[in-house]
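Here is a short briefing on charged pairs and backbone details. Keep the structure open beside the text.

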Amino acid sequence: MKPLSNIIPHQYKGAESETTYTIEKRTPKEARMLYAKAKANLLDVNHWHDLAGKGSADFQLTDDEGNPLTGTVKKGNYFRINIKTVLPGDDKYDWVKVEDIEEGHIDGVSDWTIVKVRPTEKPHEYKGEVTHFFSAAATSNFFVKRQRHKVTAAVLGKNEIPNVEVKSLWVKIRNALIGLAGMIGFNKSQWKRLVKGILNK
């Protein structure tokens with residue numbers, strides 16, 4: 001079992017972001033019940049839009065051919081993300097691949113589950129271009145954690161750099177604008193709604 005700190009990548013370039021939300025319960029037993037619900041929400045990626053609410057991005061799990069999947073997320077799956085911009089190139093999706101899913105447990109003390117994703121090429125095309133507004137150096141790390149009677153949901157972004165290594169000028173402009181906005185923190189409100197939804201719904 002890897003410690004949570006060993007799964008989240010180190011920050012070494014670009015921007016990093018952290019969005020967290022914590023609920024404190026009266027007893028560890030109540031916290032364990034909340035953690036179980038939050039873990040189920042975390043792994044149900046297809047319903048993240050419902051958790052985050054109106055105006056948030058749509059997430060769809062797919063296989064390595066880009067075919068939609070149902071059920072809970074698995075290592076090796078892809079996310080097809082529609083962030084609903086009005087910028088050039090907004091008829092395309094952003095894609096990430098699930099690099100790791102890990103769980104940990106310390107008796108009587110803590111539990112945690114993490115899903116780590118990284119920008120990637122569109123499944124089955126393999127044109128050598130990452131199809132996401134961040135470069136492949138970036139990761140998004142979604143996790144829920146119980147520490148005794150406290151439960152936390154979080155999104156940690158690491159090494160966030162706009163992906164401008166693409167051939168299309170319009171996509172390059174789009175990625176630069178959205179990537180810079182993300183680095184400044186414009187996506188933080190969406191992640192805040194998501195982490196709250198993971199714990200409250």
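Glu-99 is partly exposed, with 30% relative accessible area. The model is predicted. Glu-99 belongs to a network of salt bridges that also links Lys-116 and Arg-118. Side chains of opposite charge can pair when their charged atoms come close.

**Salt bridges**

- The count of salt bridges comes to six.
- Glu-99 and Arg-118 meet through their side chains, at 2.5 Å from N to O. Glu-99 lies in strand E4 and Arg-118 in strand E5 (residues 110-119), so this pair ties together parts that are 19 residues apart in sequence.
- Lys-39 and Glu-103 form another salt bridge, at 2.7 Å from N to O. Lys-39 sits in helix H2 (residues 28-43) and Glu-103 in strand E4 (residues 94-106), so the pair ties together parts that are 64 residues apart in sequence.
- Lys-39 has 21% relative accessibility and counts as partly exposed. Glu-103 is also partly exposed, at 42%.
- Arg-26 and Glu-30 meet in a salt bridge of 2.8 Å, N to O. Arg-26 is exposed because its relative accessible area is 74%, over the 50% cut-off. Glu-30, at 22%, counts as partly exposed.

**Positive phi**

- Most residues other than glycine have a negative phi.
- Arg-148 is not a glycine, yet its phi is positive, at about 55 degrees. Arg-148 is found in the loop between E6 and strand E7 (150-160). With 45% relative accessibility, Arg-148 is partly exposed.
- Asn-159 also has a positive phi of about 55 degrees without being a glycine. Its place is in strand E7. Is Asn-159 buried or exposed? Asn-159 is buried, because its relative accessible area of 1% is under the 20% cut-off.

**Around Gln-147**

- Gln-147 is in strand E6, which covers residues 139-147. At 39% relative accessibility, Gln-147 is partly exposed.
- Which residues does Gln-147 touch, not counting residues up to four places away in sequence? The contacts are Val-109 and Ser-110.
- Gln-147 and Ile-106 are 41 residues apart in sequence. In space, their C-alpha atoms are 9.5 Å apart.

Note on methods
Residues numbered from 1 in each chain as written. Predicted model: local features only at pLDDT ≥ 70, side-chain atom pairs only at ≥ 80, totals over all residues. Heavy atoms only, no water. Helix = DSSP H or I, 4+ residues; strand = E, 2+ residues; numbered from the N terminus. Buried < 20%, exposed > 50% of the residue type's maximum accessible area, 1.4 Å probe, protein only. Contact = heavy atoms within 4.5 Å. Salt bridge = Lys/Arg side-chain N within 4 Å of Asp/Glu carboxyl O.
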